[in-house]
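Dear colleague,

Please find below the structure that I am handing over to you. My findings follow directly after it.

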Amino acid sequence: MDEAVVRHKMTEFWQEHSQQATVEEMMLDSNAQLLTQHELPEILALLPDLEGLTVLELGAGIGRYTAHLVKKVRHVTTVDFMQKFVDRNRQENGHQGNADFIQSDVTQLRFPDNSFDLIFSNWLLMYLSDAELLSLTRRMLGWLRPGGYFFFRESCFHKSGDRKRSFDPSLYRTPASYNHLVTSAVWAEPGPSSRSYGFEIVMTKSVQTYIKMKNNQNQLCWLLQKLPRDRSANGGFDTFQQFLDSQQYSRRGILRYEKIFGRGYVSTGGPSTTKEFVDLLNLSPGQRVLDVGCGIGGGDFYMAKTFGAQVLGMDLSSNMVEIAMERAQEEHLPLVQFEVGDATKRLFPGASFDVVYSRDTILHIADKLQLFKRFHSWLKPGGKLLISDYCCGEKPWSPQFEAYVCQRGYTLYTPQRYGKFLEEAGFGHVRAEDRTAQFIKVIKAELERAEGMRQEFIEEFSEDDYNAIVTGWRDKLQRCEMGDQRWGLFYAERP
């Protein structure tokens with residue numbers, strides 16, 4: 001459909017639904033007041049610290065969020081397509097004196113570079129074509145200061161297929177489509193430096209209010225950060241997330257792991273090591289657990305069902321989280337939530353969790369000390385940390401191991417050095433255990449299991465998939481027996 005025709009139809013639609021400029025009209029929902037009471041605090045809690053920021057609010061409507069932003073930020077520039085919404089927002093919030101109110105089509109907006117610290121958008125991008133969204137994303141990269149944030153919330157659907165271009169908000173993109181469009185845009189800084197910037201995902205998650213009140217998992221929000229773009233650091237991909245989802249953690253690759261490890265598991269030992277390690281934590285009902293690198297959720301479901309813990313599972317792989325969400329629908333466990341999140345960038349208030357838990361994930365993260373300092377700040381006093389992770393023996397390593405680590409993009413340390421990082425981050429009661437003997441025993445058992453289901457595995461996947469799994473584990477055994485690869489278990493507490 002021609003863009004001019006779309007704009008005309010959309011204008012007619014919203015003119016009809018903005019006569020009284022009410023929240024019910026704006027949200028197209030007769031239950032809007034009650035939804036707002038629960039949704040607003042949830043969304044606002046996901047934003048970075050607003051104190052002193054300069055904010056651009058796109059699709060501001062009648063000012064549901066403006067009313068809260070103006071109380072915290074230094075200045076907010078609000079934009080909406082409909083004049084009646086803009087007038088209502090100005091009437092409600094103009095007295096604060098730190099807001100501008102603009103009526104405009106967002107595709108026509110122009111601002112100077114480096115004007116804003118945060119761009120906030122709620123239910124807007126679904127009305128833009130892919131080309132319009134990509135163009136707007138590039139311009140937003142310019143408007144934001146380096147390190148600035150872009151938060152947006154949209155209605156999505158979770159099945160692939162053709163999406164018709166329409167102003168009708170019943171037709172949406174998949175989360176993967178939004179991920180691709182907003183992270184593929186690049187903005188080159190003018191001048192001699194010509195440094196390129198792109199958006200990297202800090203967090204993507206479903207709006208819990210809509211899950212609880214409407215059984216709707218298709219309301220999603222994103223927090224992204226403007227950072228220098230360096231494809232060479234991400235294996236030739238725009239972001240590290242794309243590298244993970246395209247390489248080791250493709251959907252097919254994840255399901256291959258699950259076939260061997262057991263339903264819901266992609267970590268060494270599956271449910272058996274999960275039970276052994278989680279039981280060390282002495283969890284109690286109502287405790288809050290953050291699972292960093294949650295995979296497809298098996299450990300999180302175990303913690304919720306067995307101990308009544310409230311678990312937030314975070315993984316940078318969107319493929320992992322997509323499958324975890326599918327498993328969550330089967331489990332019917334409201335105590336478990338999942339999000340796509342980057343633990344090195346994610347924002348949580350201090351003392352948010354009783355436990356931080358992570359299985360075979362931190363090998364992907366280079367600056368482990370800085371990450372452990374973040375974990376320390378997120379834990380309550382007396383909070384516990386439990387990690388299993390790939391480690392290494394003392395150097396020099398064999399050429400084969402060097403090549404393996406490079407190809408996977410891992411950053412590995414000896415178990416002893418790993419434990420020292422935890423101490424340097426401020427943790428006490430640190431236990432750093434070399435569990436390589438257990439690792440070898442588990443891999444041998446999983447190889448035996450794979451060989452026992454060879455035909456079933458090949459029928460579900462392929463012989464190439466089977467050979468890739470079996471060869472990979474045999475290589476692991478060889479690396480462990482040579483002393484190059486180790487496996488560590490780490491326990492620590494925040495004093």
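The protein chain carries 58 positive and 64 negative side chains, with the centres of the two sets 2 Å apart. Here Lys and Arg count as positive and Asp and Glu as negative, while His and the chain ends are not counted; each charge is placed at NZ of Lys, CZ of Arg, CG of Asp or CD of Glu.

This is a predicted model, in which local features need pLDDT of at least 70 and side-chain atom pairs count only at pLDDT 80 or more, whereas totals for chains, interfaces and linings use all residues. Residues are numbered from 1 along each chain as its sequence is written, and side-chain values use heavy atoms, leaving out hydrogens and water.

As to the overall fold, the protein chain contains 19 helices and 15 strands; these are DSSP runs numbered from the N terminus (helices: H or I, at least four residues; strands: E, at least two). Of its 495 residues, 58% are buried, meaning under 20% relative accessible area, with exposed over 50% and partly exposed in between (1.4 Å probe, protein chains only).

Glycine 409, with a positive phi near 70 degrees, follows helix 15.

With kind regards
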